[in-house]
Amino acid sequence: MRLGVLDVGSNTVHLLVMDAHPGARPLPAYSHKAELRLAELLDARGAISEPGVDRLVSTLAEAMRVAEDKGVEDVLPFATSAVREAANGEAVLARVARETGVRLTVLSGEDESRLTFLAVRRWFGWSAGRLLVLDIGGGSLEVGFGMDEYPDAAVSLPLGAGRLTGGWLPGDPPAPRDVRALRRHVRAEIARTVADFARLGRPDLAVGTSKTFRQLARIAGAARSADGLYVQRTLRRDALEEWVPRLADMTATRRAALPGVSEGRAAQLLAGALVAEAAMDLFGVTELDICPWALREGVILRRLDLMSTDPATAATPHPAAVAPRPH
């Protein structure tokens, strides 16, 4: 069947269309993205502004038209930290449902971590052993660790690249004192969680996923996305440590000229690099494998799991399709 995952994130609204069947690898069929930057459309109360809600409604309506054009049988719509933390989140959800018919499921940070972990486990398989999974989004950093399909430990921290850029790095390029202050903040936040993971042992494989890690790996010498999904890509900590001060000295325009860096994400790349460097250092990781699957694929895989155990699930409302199983 043809499924669509509609992801309302802090940076983009992304519709991913996939041909998916229980027991088979989901195959991407079409991708539709719109840069919305909800995290930057907040007013002084921390609410999504009226113009921001207007843009969200029109963007979702367009995504649903695209889904229909592409023959999608069912759309699994969800939102992450930008809507989850908005002061008017409930009102936004109600208006979206009323005007577009889209009923967004708001994932918790732990849900994000668990579903991303599921996608990474399926990509690398059981032979990868104990996995440590790091995922830097626009609003949050997710960390998961475990032996199984869902992590034994999972945490979500408010360390997304977009959030940190807007709150800590106002200059272009940013002032060195602001970079140092953000570095201290990021490391203090991550350090509070390290002991919870360390008691579970060392990972056999450490993995980074999502856009920020892919861009950092690319500027550090990894293969282009055009070379295909199955080319191994890695990010070494020593290479990242060399790039952080270089990124700090660059304007967003100069970063956008780097290989693999999109113009829309260039301003956030330094904050993302500081989070990636801190996480790798504090978790004792010298190298990350980059996984092309992340949260959206995890949502699809979870839906297929439910269908394989109960075919009637194909007709269940979408919230059941994205809620992880109890560990």
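Among contacts in the protein chain (heavy atoms within 4.5 Å) between residues at least 6 apart in sequence, 69% join residues at least 24 apart. The model is predicted: local features need pLDDT of at least 70 and side-chain atom pairs count only at pLDDT 80 or more, while totals for chains, interfaces and linings use all residues. Residues are numbered from 1 along each chain as its sequence is written, and side-chain values use heavy atoms, with hydrogens and water left out.

The radius of gyration, taken over C-alpha atoms, is compared with a globule rule of 2.2 Å times the number of residues to the power 0.38. For 327 residues a compact globule would have a value near 20 Å, and the protein chain, with 19 Å, agrees. Along the principal axes, the C-alpha atoms fill a box of roughly 55 × 50 × 35 Å. Of the 327 residues, 54% are buried; buried means under 20% relative accessible area, exposed over 50%, and partly exposed in between, with a 1.4 Å probe and protein chains only.

The protein chain has 12 helices and 11 strands. These are DSSP runs numbered from the N terminus, helices being H or I of at least four residues and strands E of at least two. Two strands pair if DSSP finds at least two bridges between them. An open sheet holds 5 strands in the order β3-β2-β1-β4-β5, with mixed pairing. Its edge strands, each pairing on one side only, are β3 (27-35) and β5 (105-106). Strands β1 (residues 2-8) and β2 (residues 12-19) run antiparallel and are joined by 7 bridges. Within β2, L15 stands opposite L6.

Grid points are joined across faces, edges and corners, and a volume is the space filled by probe spheres set on the points. The second largest pocket has a volume of about 210 Å³. Its lining consists of 13 residues, and A39, L42, A82, E85 and R163 lie nearest its centre. Helices α2 (81-84) and α5 (161-168) each supply at least two of the lining residues, and α5 gives the most, with 4 residues. By class, the lining has 4 nonpolar, 7 polar and 2 charged residues. Ala, Val, Leu, Ile, Met, Phe, Trp, Tyr, Cys and Pro count as nonpolar, Asp, Glu, Lys and Arg as charged, and the others, Gly among them, as polar.

Most residues other than glycine have a negative phi, and most peptide bonds are trans. Two residues that are not glycines have a positive phi:

| Residue | Phi |
|---|---|
| R37 | about 55° |
| S210 | about 85° |

R37 is in the loop between β3 and α1 (50-69), and counts as buried because its relative accessibility is 16%. S210 lies in the loop between β9 (205-209) and α7 (211-219); its relative accessible area is 14%, so S210 is buried.

Two prolines are also found in loops. A cis peptide bond, with omega of about 0°, joins D172 and P173. P173 belongs to the loop between α5 and α6 (176-198). P151 lies in the loop between β7 (141-146) and β8 (153-157), and counts as buried at 3% relative accessibility. From C-alpha to C-alpha, P151 and R114 are 6.2 Å apart in space, although 37 residues separate them in sequence.

Notes:
1 Å grid on protein atoms, 1.4 Å probe; cavity = no way out; pocket = protein on both sides within 12 Å on 5 of 7 lines; lining within 4 Å.
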